[in-house]
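Please read the points below with the coordinates open beside them. They are meant as a colleague's note, taken element by element.

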Amino acid sequence: MSTDQLNPKSPNPKKLPSQLAEAPRATGAGAGPVAAPAGPAAGAVPGWFGLLLRWPQTLNDQTTAWLSSLLFHMTAFVFLGLTWAWVVTQAPPPPVPVADMAIDLSGGVGDEPTSEYGLGAAASSLPLAATSLPAIDPANARPSVDVAAAEIGPQQSAAQSAAGLIGTPDLTRSTVGIGQPTGARGTAAGGASSSTNGSDLVVANLRSTDLLSSAGSSRGGGLAGRSGALKWQLINSRGGNEATEAAVQRGLRWLAAHQQADGSWRFDLKGPCDGNCRNAGDFASINASTSLALLPFLAAGHTHRAGDYVDTVQRGIAYLVAHATSTPSGADLQSGSMYSQGLATIVLCEAYAMSHDEALRPTCDEALRFIIRAQHEQGGWRYIPGQPGDVTSTGWQLMGLKSGQLAKIPFDRFVFYRASRFLDSLESADHAGYGYQTGRQEQCTTAIGLYSRLLTGWTREHADMKRGGELLAKWGPSANDMYYNYYATMVLNQLDTPAWPLWNQKMRSQLLRDQATEGHEAGSWYYDHHHARPGGRLYVTAMAVLTLEVYYRFLPLYDPQASGNY
């Protein structure tokens, strides 16, 4: 309908059908002009509003019934479609798809473990049914054989080579780096590098990132404090000193001296140690022992491209990359347990974030994807992919995911939402503590649960986080459980409450006092605890060094200066 039809001032206005019906007809050839129509009848609505009210009748006069029906139904369908689209956008995001896992969980998985949790819970005792995640290739990872006799070749598996998933560079030769170092190569046993400020070159352009990109998360937590002047600034301001750093250096020298010829580390200490150190472990996951030994080097600012341990770190990372198995669900680094997957992912993502070596990026991407695909529908992780979770394995996977965030590797953040729901199920009645698979509170699981909360977005102002921190401070450091001490130290350091100085003083004094000073064990630690026995002296030493590196390993989460251009 044109505007002329509705404009009474138009030079030649066209009458509406109703007006034509009311106009008197002219009769005869000499009929005079038609008289003007009478004004509106009583009760009629004039003007535009009247036309609007008469629109249905007008439409019915000008169109057939079928066309009116068509227009009406089309309008109704459009309205329903828009309404449905709005409803869909308000719904929560769908869960991250888990691989098609047909896992038999009949093998004694209950609310609480019958065996010790932690590294000591052997994955080989659990059923490993056919899944989309293939079983470990015993010729490759050898998770259940005597590691002293295991001669693991450096070659990539056939599946890796075929898929091209683990990157294209040749990472199998210890004489060739995963990307060339930015400075001269450091010595394997901790000799001085000819690049005086090599670590500065690695972290100079790093920027701190969000702990989580989700709402309510804090800023900070980056890796830039691991070297240079900022490192000593953090040591002095957060409770460390020259004595703690000297102990870290002694621990790194001990770890470097116990690296295997193939670049790995073994919990049983067979090989370079040749029985000279006591308290060997028996946990057979080589990827786990290698990753745990590498973490203190990275935390101190040493990478495969810069620092005093370039060769040591390079060979260790090359071992992990070469033993990552390509699967439809991502890069499998389990070596018998999801603990290994989490640990190895932390190492690879941190090395990538610190060195910017793009040769590591494909393995990092796929290792993260494996973790996400292995998450149970209720939000946790345990020994094997898709198994109902426990807090210890979940903690390592969350740290792996957090390391991926620090490396600015994108992935579906809904994985953190599901993990948060799982942590809800482990809270104690007072919401301050955490259990292993239920809310039955224990010291170690509480420390792990609280740190996991920080990784999933809780701030130190959260009421339950405050209560949890107060509980850890009340318990104080353990005399022999470094698993608990490691997590509790990280929580209290990040919360930075008045309880931190006292905790730090006790923890620092204990570690400085108990570090071995004689023989082949010099620089190492061992505390006899059921959490420590599977990993032995290698495990305890790595955890002790990481605890002494807490001052600078991650930038403060809540210090405004930690959100700057690092």
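1. In this predicted model, S335 counts as buried because its relative accessibility is 3%, which falls under the 20% limit. S335 sits in the loop that runs between strand 2 (330–332) and helix 11, and its phi is positive, about 50°, although S335 is not a glycine. For context, most residues other than glycine have a negative phi.

2. L269 is another residue other than glycine with a positive phi, here near 65°. L269 belongs to the loop between helix 8 (242–257) and helix 9 (286–299), and at 5% relative accessibility L269 counts as buried.

3. Which residues does E350 touch, once those up to four places away in sequence are set aside? The contacts of E350 are L223, R226, L295, L298, S403, R553 and F554. E350 itself lies in helix 11, which spans residues 338–355, and with a relative accessibility of 1% E350 counts as buried.

4. I317 is placed in helix 10 (residues 310–322) and counts as buried, its relative accessibility being 0%. Between I317 and T303 the sequence separation is 14 residues, while the C-alpha to C-alpha distance is 9.4 Å.

5. Helix 15 consists of 13 residues and reaches 19 Å from its first C-alpha to its last, close to the 18 Å expected at 1.5 Å a residue. Twelve of the 13 residues are buried, so helix 15 is largely enclosed by the rest of the structure; among the buried ones are C444, I448, Y451, R453 and L455. The cover over these buried residues includes helix 13 (391–406), helix 14 (414–424), helix 16 and helix 17. After helix 15 comes G457, with a positive phi near 115°.

6. Helix 16 (residues 463–475) likewise has 13 residues, and from its first C-alpha to its last it reaches 19 Å, close to the 18 Å expected at 1.5 Å a residue. Its buried residues are D464, M465, G468, G469, L471 and L472. Why do these lie on the same side of helix 16? They cover an arc of only 155° around the axis, and that puts them on the same side. An α-helix has 3.6 residues a turn, so residues three or four places apart point the same way. On the other side of helix 16, E470 and K474 are exposed. The buried residues are covered by elements including helix 15 (443–455), helix 17 (482–495) and helix 18 (499–514). Just after helix 16, G476 adopts a positive phi of about 75°.

7. What lines the second largest cavity? The lining is made up of Y451, M490, N493, Q494, V550, R553 and F554. Helix 17 gives the largest share of this lining, three residues, and helix 17 and helix 20 (550–553) each supply at least two. By class, four of the lining residues are nonpolar, two are polar and one is charged.

8. A few residues link the points above. Y451 is one of the buried residues of helix 15 and also one of those lining the second largest cavity.

Technical notes
Residues numbered from 1 in each chain as written. Predicted model: local features only at pLDDT ≥ 70, side-chain atom pairs only at ≥ 80, totals over all residues. Heavy atoms only, no water. Helix = DSSP H or I, 4+ residues; strand = E, 2+ residues; numbered from the N terminus. Buried < 20%, exposed > 50% of the residue type's maximum accessible area, 1.4 Å probe, protein only. Contact = heavy atoms within 4.5 Å. Expected span 1.5 Å × (residues − 1). Arc of directions from axis to C-beta. 1 Å grid on protein atoms, 1.4 Å probe; cavity = no way out; pocket = protein on both sides within 12 Å on 5 of 7 lines; lining within 4 Å. Nonpolar A, V, L, I, M, F, W, Y, C, P; charged D, E, K, R; others polar.
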